[in-house]
Amino acid sequence: MIKLDTKNFPALLFDMDGVLLDSEPLHFESFRRIFDPLGIHLPNEYQFKFVGDPLSRNLEDISNDFNIELELTKFKPQIQKAYLDILEESRMPPNPGVLE
């Protein structure tokens, strides 16, 4: 968790996925990076199943749909790291209007 000294900020902005960046495809790619090497190939359409759900629910869906056991404590940090790596690699620009 990042701790900020909020006395130095006139305002704080909280972003929901997709408002500042179109980050959903990056989230899905992070799952693929972790699961493809394990032989679990998520089809493109599967991405829409993840939208709006927490990571724990996404892992539960994969577990049920592919009939495998997944430990949240093992896979959650791997997926989070993969997402941060992808975000850094992509250098994704903000959505139109964000910087105005």
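Which helices do the buried residues of helix 3 pack against? They pack against helix 1 (24-35), helix 2 (47-50) and helix 4 (72-90). This is a predicted model, in which local features need pLDDT of at least 70, side-chain atom pairs count only at pLDDT 80 or more, and totals for chains, interfaces and linings use all residues. Residues are numbered from 1 along each chain as its sequence is written, and side-chain values use heavy atoms, with hydrogens and water left out.

**Helix 3**
- Helices here are DSSP runs (H or I, at least four residues), numbered from the N terminus.
- In helix 3 (residues 55-65), the buried residues are Leu55, Asn58, Leu59, Asp61, Ile62 and Ser63; buried means under 20% relative accessible area with a 1.4 Å probe, protein chains only.
- Asn67 follows helix 3 and has a positive phi, near 55°.

**Nonpolar core**
- A nonpolar core is a set of buried Ala, Val, Leu, Ile, Met, Phe, Trp, Tyr and Cys residues joined through side-chain atoms within 4.5 Å.
- The largest such core has 14 residues, and those with the most contacts inside it include Phe31, Leu59 and Ile79.
- Helix 1, helix 3 and helix 4 each supply at least two residues of this core, and its largest share, 4 residues, comes from helix 1.
- Not counting residues up to four places away in sequence, Ile79 touches Ser30, Phe31, Ile34, Phe35, Leu55 and Leu59 (contact means heavy atoms within 4.5 Å).

**Loop residue Leu70**
- Leu70 lies in the loop between helix 3 and helix 4.
- Beyond its neighbours within four places in sequence, Leu70 is in contact with Phe35, Leu59, Ile62, Ser63 and Phe75.
- Leu70 and Glu29 are 41 residues apart in sequence and 18 Å apart in space, C-alpha to C-alpha.

Key: Buried < 20%, exposed > 50% of the residue type's maximum accessible area, 1.4 Å probe, protein only.
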